[in-house]
Amino acid sequence: MLKVISRSTFDLQPVLDTLVETGQRLCGADQAALSIREGDVFRCLATRSLDPAFDSFLRGQTFAPGSETVGGRVALAGEVVHIPDITTDPDYRLPEAATLGKLRTVLGVPLLREGSAVGTLTLARRRVEPFTERQIELVRTFADQAVIAIENARLLTELRESLEQQTATAEVLQVINSSPGELQPVFEAILEKARTHCGATRGALYLFDGETFSGVAMQGLPQDWAEQRRRGFSVRQTPHLEPLLAGAPFVHIADMRLIDELDARAAAERGLRSNLSLALRKDGALLGLITCGRSEVRPFSAKEIAFLENFAAQAVIAMDNARLLEEIRRRQAELRVTFDNMGDGVAMFDAELRLAAWNRNFQQILDLTDTFLAARPSLADYIRHLATHGEYGEVDVEGEVRRLLEAAGTQYSTERTRPDGRVIEIRANPVPGGGVVIIYSDITERKRAEAEIRAARDAAEAALADLRRAQDRLIQSEKMASLGQLTAGIAHEIKNPLNFVNNFAGLSVELLDELKETADPGIATLDKDTRAEIDEIVGMLTGNLEKIAEHGRRADGIVKSMLEHSRGVSGERREVDLNTLVDEALNLAYHGARAQDASFNITLERDLDPAVAPIELAPQEMTRVFLNLIGNGFYAATKRARGNGEAGHRPTLQVSTRDLGEAVEVRVRDNGTGIAPEIRDQLFQPFFTTKPTGEGTGLGLSISWDIVTQQHGGSIEVASRPGEFTEFTIRLPRNAQAAGKST
Amino acid sequence: MSVSILVVDDETDVAELFRQQFRREARQGTYVMHFASSGDEALNLLTEGIEPTLIVILSDINMPEMDGLDLLAEIKRRWSDLPVMMVTAYGDDQRRRRAGELGACEFLTKPVDFDLLKARLAQLPRAA
């Protein structure tokens, strides 16, 4: 028995046939039949030695548990049923058994599993001859073994089916792998496996987009029908498929001719009879369907349907995998295109630091040959290649290789000018798993633009600084000018009352003399003491009036200077030798100082540039300026010598001239007390003086400023360090006519 | 035989100054001093007639209302032979030139140099 089972591992029928035969033999029956439970009914699947007419009647016949048949009674009771003569049994309702099968004595034995009948074995005799107890016992024991045999066979069948399914799936997967990204072979393979497994001669695979089913694989369909199906159809054309949309796993049509639909009729006309439509679902959504059809009316078995259902689930996964693969492939292609079209050059070195991937721009930016890249050089070889081709200029090649290899382990960014003059930016990013990605950007244009912007900015800043200086000068000039006007106004206002003071003071001295003359005879008559007192008072009055006159003259001098200042400069211009003019002013000032103070002494240093050709200017005014500056220098230098008593300090005054092309320069430098920074701005203001009262009017530099800047269009600047030196620099443009302002 | 001098100045102290400066000449009867503190007053005095004979007018230029130059023009229009000396604190060329064009015989700057003034006066014809 087990031999039989193992011999026919994958088919139940031979097992059942053997069981029927053995059962008949064991109890000496003329005929035997075996039925197996299918749900609520029992179906006759194997017979032995039946009359042909009865055999064809019985085979495939089903019966329910009940008293009408022997099998029904066995199934109902789960016990052995023994009818000595069916013709005399009043409850027996299967007349064909007697008429067709010519049966009399019948024995029914249940095939029990866990107490319930999974099948029945029926043994019969053509004559009335009841089975012996021994025979019944033998069959009962045999039935237990039969159950085990059937069960084993069923398990083996299931195993075989499962294997088949897995093999089919594996084959589909193999198709997917062998044609990565291409869906068509996958569709074909899925359909092929589904169709052949359930013995369908024709089939199709459709994809569903929510509206239309489009045929993507057709097998065994007439040409025109295949074309039509490929174009697709809506579910509205095929109402019989609506359950699929509602969630049904499949729609099984035993005969398409019975479906009253245009499409169904068209299919039937082209030979489609039994048809199974299986839903392909992913996460509940309908993706498509597989149809398997037959050219005859032969409905699909539950097993076939179960297999296909299972397979459909696998097919969906396979299709999905194929779709994902294709997507990856497309994405890869897109990435490749993007990679190659990137503005940057990119090179990737793998964990072993070998060149793994690069793009076109990388090759172009660094002028690398196809041959060099195809060899997949190591990072070290790559750096060496660049170094020996002068990429880094004159360097120690191996030193550079070591340095850059070390740098590649860290994230860094740098810029470099290539031998061809292009500027590139290099960014290295280590890859987490090892390796490095190096990105090269050609930033030549950016650098140039930046340089241009920088230059433009510098120019703008310089212009702004110039403007500020000019503005400062303008403000200074404006201040000076308004101060000059104020000065003139003040001078005029003071002049008249001062005239009265001076005139009346002078007159009073005269009047006092006349008084003394006139009063002398009278005074002479007075006593000595009174005379002395009168003389003393008159003497004091005279003294006072003289003092008034003296200070009046001083005030008058100041007013005169102020007026000269405000009147501006009207001196005529002529071409003069500036060096001579400076030299004369120096001599004049020196002798003037000596005349005032015999002890005055100073070292004079001249550095007069012979290139200073004759220049047109107002010589008288300019001499005043030089006298002023030189006089100030003398004062400061000797003041320092006197004040501090510094040993070794020798008062010195340097005067130099220099030709500047479009202008000339005169410098007057003393090694005197210097000027404190906080008062430097006030230097050129009228009445500003550091000299003690009476020694300076505070107008010298103010007048000099006007002469140099207003009359000659030049500039006058001062540089000084307190306790060390003061240097005035005058610049006069040669083209004084245009620059100068005539006032 | 005395002659008259007319001094025109809006500052009244000028009159006192001239009086004191010319006190000897006045005492000796050489000059008789007349004073006017505005152009209008000067013209009124001239219209009424000054005794003894007026030989010169000394006028300040800088005065409110009618200034010295306007006065000069008016005097020269009506008494063209009368000598006029202009006195001003502003010794600029423009005024000097203008005064000359209008017929002033002298242009003096303040402070007035009285010695020089007296010398100039002595040179004037003691006419009429």
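This is a predicted model: local features need pLDDT of at least 70, side-chain atom pairs count only at pLDDT 80 or more; totals for chains, interfaces and linings use all residues.
Q: How do strand 16 and strand 17 of chain A pair?
A: Antiparallel, over seven bridges. Strand 16 of chain A covers residues 423-430, and strand 17 covers residues 436-442. Strands here are DSSP E runs of at least two residues, helices are H or I runs of at least four, and both are numbered from the N terminus. Two strands pair if DSSP finds at least two bridges between them.

Q: Which residue is the bridge partner of A:Ile424?
A: A:Asp442, in strand 17 of chain A.

Q: Which residues of helix 14 of chain A are buried?
A: A:Leu379, A:Tyr382 and A:Ile383, in a helix that spans residues 379-388. They lie on the same side of helix 14 of chain A because they cover an arc of only 95° around the axis. That arc is taken from the directions from the helix axis to the C-beta atoms. Buried means 20 or more other C-beta atoms within 10 Å of the residue's own, with C-beta atoms placed from the backbone.

Q: What do they pack against?
A: Strand 13 (345-349), strand 14 and helix 15 (397-408) of chain A. Contact means C-beta atoms, placed from the backbone, within 7 Å.

Q: What comes just after helix 14 of chain A?
A: A:Gly390, with a positive phi of about 80°.

Q: New topic. How many bridges join strand 11 to strand 12 of chain A?
A: Eight, and the strands run antiparallel. A:Lys282 has A:Ala285 as its bridge partner in strand 12 of chain A. The hairpin of these strands has two residues between them, and A:Asp283 takes a positive phi near 50° there.

Q: What other strand pairs with strand 12 of chain A?
A: Strand 7 (residues 202-208) of chain A, antiparallel over six bridges. A:Ala204 stands opposite A:Thr291 in strand 12 of chain A.

Notes. Residues are numbered from 1 along each chain as its sequence is written. Chains are lettered from A and ligands numbered from 1 in the order in which they are written. A residue is buried if 20 or more other C-beta atoms lie within 10 Å of its own, exposed if 12 or fewer, and partly exposed in between; C-beta atoms are placed from the backbone. Two residues are in contact if their C-beta atoms, placed from the backbone, lie within 7 Å.
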